[in-house]
Every structure is written in C-alpha cells, then in structure tokens.
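Hi,

Here is the structure I promised to pass on to you. Have a look at it first, and then read my notes below.

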Amino acid sequence: MPSRPARPHTLPRTAAVVAAALAAGLLTAGSADAAPVRIHDIQGSTRLSPLDGQQVSEVEGIVTGVRAYGSRGFWIQDPNPDADAATSEGVFVYTGSVPTVRAGDAVRVSGTVTEYVPGGANSGNQSLTQITKPTVTVVSSGNALPAAHRIDGKKVPGRYAPAGDPADGGSINGLPLLPRSYALDYYESLEGMNVAVGTSRVVGATDPYNELWVTVKPWENPTERGGARYGSYTSQNTGRIQIQQLTPVSESPFPKADVGDRLAGGAEGPLDFNQFGGYTLTARTLPVVEDRGLERERTRRQDRDELAVATYNVENLDPKDPQAKFDALAKAVVENLASPDILALEEIQDDNGATDDGTVAAGETLRKFTEAIKAAGGPSYAWRSIDPENKKDGGEPGGNIRQAFLYNPDRVSFTDRPGGDATTATGVVRKKGRAALTLSPGRIDPANAAWENSRKPLAGEFTFRGRTVFVVANHFGSKGGDQSLTSRYQPPTRSSEEQRLQQAQAVNGFVKDLLKAQRNADVLVLGDINDFEFSATTKALTDGGVLEAAIKSLPRDERYSYVYQGNSQVLDQILTSPSIDDYAYDSVHINAEFAEQNSDHDPQVLRFEP
C-alpha cells in the first residue's frame, strides 16, 4: 500500500517462493505444502500476477464491495497488509452471476488467478487481476471493512506513466511498479482495494452510462469553468478518476452532475479497471452533488459589418429524431450562437437515418432543422450540401453522414457553380484576377485514399458585402482504434492520426491553390477536425502559413470543445487564411460540460470584417 515505506520492487517473499515452486512443478498454489497465498502474493509488484493461470486455495479477505450487474462479482481485501507499496491488498472475484456475499463478510476464496483484459487483447488495455471460477466460504459476517486508502492530490505523482519496455513492444506490464513516481503505477498498486476520494470537483459530467469524472488535483490545468484541460500529449491530468456506483440505478439513481459541480463528501469503494476510462472508483454509496450553477454560454451577436461563421456537430441528426432534439438544437443556434451568417454542420444524416436501404438524400433532415430554427426566432436559412455515395463516408451504418452549409440569404449570398457530386472534385481557377471554385458546392479531392470511409470536405463560395469568402467544412476521421491514455503501451499509439494527417495535407494543398490564385483570398477551414490544436493534424493544416488555428487566440483555459474521460480538449476548430488577421473567436460551451446534452460537441464561432 502506497502509504507504507517502500522497499526494493521485487516479489513479496511469499509470492517469490510460491512462484518459484510452482514453476518447478513442486506444488500447486494453496496446497498443504505451500505457505498460505495472500492477496498481495496474487497481485505481485508488476501489473501481471506471478500466479496468473494458477489455482489458489483458501485466499482470505473481507468483502469490500459487491457488483450484481455487468461484470458480476465482488472484491476482497486482506486486512493485514504487507509493507510493500507496490503490492495491492485487494482483488476482484469474478462470479459471472449475482454474488451471494455481502460487504463485511470474511471469506475464503479458491479459484484460478487470471489477467482479464477489458476490450480484448488487441485493445492495448491494461489487464485486471482477478480470481475466476471461485469457490467461496463465508467465515463470518458484519466485519468492519478495511480502512479506505485516501486518494488525494499530494499522493498522486505528477508524472503519468513510465516509458514502456522496448523489448516488450513498449509495454509497461513487466516493469516494477513505482507508485511514488508515476500516477498509473500508483493507481495500479491500489487495484481492487477499498479507496476513497474526498470532496472533489467534477471534471467530466454524468454520462448516459451513469458515470462521472472528478479530479483530486483541483490545481491541475483547470479550465475557467471547472474542467481539466488537455493541452499537450504530456498533460494527461493525473488527478482524474472515474466514479461509478455499485448499487443498480433501478434502486438508486446515479446523480446528475455538470463540470464544476462538487462531489461533496467524496466517495468510497473498490478501485476497478475497465476499458471505458481505466481506473474507476466503484462507490458503495454516493453523496449529494453540489450544483455550482454552470450556465450555457451565449456568444454576442455580430455587428452589421461583421461576418459570423460557425461550425456545429449536431450528432447524427435525422428526421426520426424527436422533434425536441430539433427544437433544442435550433434554439441553441438562435440564442447561444446568435444566428450566425454561415453555419457549417457536421453529422447530418440522410432522410431515414440509420435505416440501411440505400437512401442518401438529406433534404428532409435539413428542411426540418431550418424550419425549427425559423420557429425559434431565427432567420430563414438556405442550405447547400452534396449527398455522399451510399456507405462510403463512415459514421453510423446506414446514416450516410455529411457536412452541410446553412446561410442567411438576407446577409450572405451563395455562388452556385453546378456539377458538384459525390465523386467529382472541385478545383480552383483564376477569374478576373481573383480565385474561384470550379464547382460550388463541391467536394475536395474525393477520390483521394485519405477520405476512404470518411467524410469528404465540402467547399463553398460565399459573398458578403461584395467580398468573396471561401468556406471548407470538414469532418475528419475519428480517433477510433487509438490506444487509451491508460494503455499498457506507453506512450500509447495514435494509429488514427495517420489518416487525419493525410486529410489535413489534402485540405492544406487546396488552400494553397486558392492563395496561389489570389494571395489575399479569405478562406475559412472549419469543422470537426477530430484532433487537438497541438496535433500533427493541425500542424499539417497550417503548413506554409496558409492557415492559422483561431482557437489559439483564446486564453489557454478556454481552449476546448469536447470533454472526454474528464479531459477538456479541442476537437472542433476554425482556421483562417492570412488575410483574416483581425477576428473574434468563441468556443461556445453549451454541451460538452453538461449531463444534459443536445450534442457532445461545443460549437465554434468566428466573427470578422472581410
């Protein structure tokens, strides 16, 4: 346990003797000839049990938590710990059915030690040490639980993880745990143990799966609204921890919390590890959430001479969605985004949503949305888009998501140049000394392999007060397939980045063509870039100085559009060409920090005078 003096990071003496004898085939774990196996012997001082795959008998412990849903089982903890900071004193017992034990039972457990990898071996996740196929004997009931180990900011190291072993493919599994040096080692040394956090700030709102995130380091990269900002690949925010509850929500509803709220009194329960966030405190009970009154932001209305351009991922919008979703999104466009002149939308689905019947048109989706905006007091937006080929642009199967432009014809005109379709590329020409698109709306390089199973960029030519403005709406490839921050491989591999890098290079090349035709062309590249402002993707978009990431104009604690596993981060961006050098930028926080969301993304708005 980390609160005790550390000693050299080897197997505890009992485990070392047992493991050696097992390897030599001289005994089986828990046999009459072996020393009794303790939980810390099972856990060992690395991420993998030295007894993995072996039978153990009569392992003693106090039940500290019972889970009757999902991965069913219970946790036990040895009330008499050893002195090694690296060895956990708790372990999960997987039953597969509703356990019959209760918290406070003293038990003896026999079974097989296994290393379970949530998400499967190919996920890159760390494993959870557990006892499977158990035989359980209850010795007594009503015992006091082992005192909870208090997780607080002073105990959690500032460094996130050790570098993986190159000889083991970059894995940290075989490395000795150094819980005073690395946050992941610290949490691993507590795996399965009864732990607690005190009153803590919520940094990830309650989600549909009944979980939230808190931080035990309120000083660590705070946003202005109470989150924890992910501002580089080495600022993982070590104080984050996920909170779930053991009681089924049918018996005790999980509390609703927004970012910045407080979990008053904290929470206590076994420390689990799962594929959707890593180390997770599974609370026996949860206190009342203190509402800190986080409000949804409203951007200011553009001045008469300002052009307001926005981007908004509306999360798989289709006509089958409840009218309430259309109305809520529309209200946000009018009240929170102040009815921008041009609005680039991502994740507009076809007219029957996820029904997979070959439908690709989205006219009904866009009609229903624009009518909802008008009913909410907004302008009568016109729209432009290009239908994708069926099943060629990724997203929800059957949904055929695409980008679309909404624009206010009372303020902006759209230059139509016909011929654009799913497979025909728009290009750049020079007309009367100025850049122009060959197709408007048109898609950028749709045959490029960079766009395989991904959304192709939509380019459009607009005019505002006599000045041409080129807008490119994007929805780059997702981060699916990337290894998690808590991966057993450190640093984790970001395999999805390769496609986004190629996509960024294609868009950057298109912008270079525009600026070659007209050096002072006004160009806006915007949308769900699915990558950070410090990423290789953003660097590729801005290559040669042809674009600037406008979100970098904000103070660091305001730079985010999405909250993932308690990290506030940038995914949505607006980038500007050099001629747009005086602008006002706003990341309008109306969704990502809230338990109640109309989308999981925050829209972005940029205002400038062409």
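Let's begin with Ala-338, which counts as buried because its relative accessibility is 4%, and the cut-off for buried is under 20%. You'll find Ala-338 in the loop between α4 (323–336) and β16. Its backbone is worth a look too: phi of Ala-338 is near 60°, a positive value in a residue other than glycine. Keep in mind that this is a predicted model.

Asn-453 is another residue with a positive phi, near 55°. Asn-453 sits in the loop between β22 and β23 (458–464). Is Asn-453 buried or exposed? With a relative accessibility of 51%, Asn-453 counts as exposed, since the cut-off for that is over 50%.

Next, the cis peptide bonds. Ser-440 and Pro-441 are joined by a cis bond, with omega at about 0°. Pro-441 belongs to the loop between β21 (434–437) and β22 (442–443). Gln-490 and Pro-491 are also joined by a cis bond, and there omega is about -5°. To find Pro-491, go to the loop between β24 (467–475) and α6 (497–517).

Now for Asn-352, in the loop between β16 (342–348) and α5 (363–375). Asn-352 has a relative accessible area of 12%, so this residue is buried. What does Asn-352 touch, if you skip residues up to four places away in sequence? The answer is Asp-318, Lys-320, Asp-357 and Thr-359. With Asp-357 there is also a polar contact between the two side chains, at 2.8 Å.

On to the nonpolar cores. How many residues does the largest one have? It has 32, and Ile-151, Tyr-187, Val-197, Ile-241, Ile-243 and Leu-281 are those with the most contacts inside it. At least two residues of this core come from each of α3 (183–188), β7 (194–197), β9 (212–215), β10 (240–245), β12 (267–274) and β13 (278–283). The element that gives the most is α3, with four residues.

Leaving aside neighbours within four places in sequence, the contacts of Leu-281 include Val-195, Val-197, Ile-241, Ile-243, Ala-267, Pro-270 and Leu-271. There is also a second, separate core of 28 residues, and Leu-458, Phe-462, Ile-580 and Tyr-583 are among them.

Tyr-583 takes us to strand β30 (residues 583–587). Four of the five residues of β30 are buried, so the strand is largely enclosed by the rest of the structure. β30 runs antiparallel to strand β31 (residues 604–608), and five bridges join the two. If you want a spot to check the pairing, Ala-584 stands opposite Arg-607 in β31.

One last stop is Arg-556, in the loop between β26 (548–549) and β27 (562–564). Its relative accessibility is 56%, so Arg-556 counts as exposed.

Happy exploring!

Notes
Residues numbered from 1 in each chain as written. Predicted model: local features only at pLDDT ≥ 70, side-chain atom pairs only at ≥ 80, totals over all residues. Heavy atoms only, no water. Buried < 20%, exposed > 50% of the residue type's maximum accessible area, 1.4 Å probe, protein only. Polar contact = N/O pair within 3.5 Å; in protein donor to acceptor, adjacent residues only side chain to side chain. Contact = heavy atoms within 4.5 Å. Pairing = 2+ DSSP bridges. Core = buried A, V, L, I, M, F, W, Y, C linked by side-chain atoms within 4.5 Å.
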